[in-house]
Amino acid sequence: MSFRTIEWRDNKVIMIDQTRLPAEEVYNEYTDFQGVAEAIRGMVVRGAPAIGIAAAMGVALGAREIIADGFDTFYRQLENVCDVLGRTRPTAVNLFWGLERMKRVALQHKELDLHSIRELLKAEAISIEAEDLAICKEIGRHGAALVKEGASILTHCNAGGLATAGYGTALGVIRGAHEAGKNIRVFADETRPWLQGARLTAWELMKDSIPVTLISDNMAGWLMKSGQIDFCVVGADRIAANGDTANKIGTYSVAVLAKENRIPFYVAAPISTLDLKLSNGDQIPIEERAPEEVTKVQGVSIAPEGVKVRNPAFDVTPARYITGIITEKGVVRGDYEKELRALVGL
Ligand code: MRU
């Protein structure tokens with residue numbers, strides 16, 4: 001991969017600034033957890049697994065900033081750091097998964113001196129990133145087996161290297177099929193309002209010479225109906241126990257259209273995106289973002305001043321529209337309730 005989404009280097013967090021792609025490839029440096037929190041909120045880094053990694057690295061930075069004379073005061077301040085990071089974006093469960101994992105590391109080593117705990121937190125954040133890369137490659141391997149030679153694949157939003165440590169979940173499946181020599185091509189939904197498909201998916205697939213064609217969101221249905229799409233794959237921000245899946249707004253429409261046209265519709269996600277505490281997708285919090293994302297494109301106004309706007313950033317696709325969920329441990333289908341619990345050993 002010719003870019004690095006997020007990296008811990010010399011006690012700084014380095015992130016490619018996704019708000020500036022594809023025009024400029026700029027890397028921002030963060031030295032404090034407040035900066036990382038702002039980067040998550042402002043979508044410098046986005047995509048569920050990448051948000052989880054960023055949050056964990058934010059905690060590691062925060063731990064370095066804490067001044068305390070013992071574990072209890074240190075841990076109370078670490079919880080504050082986690083609270084600030086946890087208030088950035090509500091939908092992707094990987095954020096909270098990353099924060100919990102970091103808090104657990106601190107608690108498990110409370111008998112150590114604070115310097116050692118800070119070092120362990122740093123090591124944990126770095127290993128979350130490394131694990132994510134390996135997990136995405138496994139997702140890609142399992143998913144590639146489902147893709148037929150010569151398939152035209154539709155994807156929505158960006159569930160690629162930019163949304164993970166570097167290989168992608170939905171784009172991991174696409175990369176896996178491409179690397180297996182399957183001669184695939186990709187249709188990327190532009191993904192209004194933030195244009196993750198146009199700005200990010202098209203950019204990273206072109207960088208890797210994977211054939212990609214950009215379409216506006218409202219073209220997907222017609223392409224499906226006229227036999228130009230064979231397979232759909234998207235990422236996920238949170239998957240409830242019954243398989244209902246929150247992902248970028250517009251995913252639900254793609255899934256319904258895929259079912260109507262008898263096209264397989266897969267979700268690709270790591271196990272860290274499962275939220276089995278939630279029995280169904282109605283319980284998933286949906287982030288509502290600023291109206292300007294809808295009324296403006298790249299800062300240029302496209303709507304009358306003062307118009308009322310809705311901007312839910314995610315929707316929930318009911319499990320009945322999902323052909324299968326591709327994880328690092330294999331593909332789950334059918335009785336999601338049972339199969340997802342079995343996958344995590346419950
Ligand atoms: O608002 P975003 O860009 O963070 O939304 C991203 C998505 O919806 C992705 O599809 C999802 O996080 C999966 S990323 C592997």
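I will go through the nonpolar cores, then the cysteines, then the ligand.

This is a predicted model, in which local features need pLDDT of at least 70 and side-chain atom pairs count only at pLDDT 80 or more, while totals for chains, interfaces and linings use all residues. Residues are numbered from 1 along each chain as its sequence is written, and side-chain values use heavy atoms, with hydrogens and water left out.

A nonpolar core here is a set of buried Ala, Val, Leu, Ile, Met, Phe, Trp, Tyr and Cys residues joined through side-chain atoms within 4.5 Å, where buried means under 20% relative accessible area with a 1.4 Å probe, counting protein chains only. The largest such core has 44 residues, and among those with the most contacts inside it are Val13, Val36 and Phe74. A second, separate core of 30 residues includes Ile239, Ala269, Tyr336 and Leu340.

Turning to the cysteines, if a disulfide is a pair of cysteine sulfur atoms within 2.5 Å, the count comes to 0. Cys157 is buried at 7% relative accessible area, and because its sulfur is 14 Å from the closest cysteine sulfur, in Cys136, the two are too far apart for a bond.

Finally, the ligand: one of its oxygen atoms is 2.8 Å from an N or O atom in the side chain of Arg46, and a polar side-chain atom of Lys248 lies 2.7 Å from a ligand oxygen. Taken alone, the ligand exposes 410 Å², of which the protein buries 100%, with areas from the Shrake-Rupley method and a 1.4 Å probe.

Key: Buried means under 20% relative accessible area, exposed over 50%, partly exposed in between (1.4 Å probe, protein chains only). A polar contact is a pair of N or O atoms within 3.5 Å; within protein, one must be able to donate a hydrogen and the other to accept it, and residues adjacent in sequence count only if both atoms are side-chain atoms.
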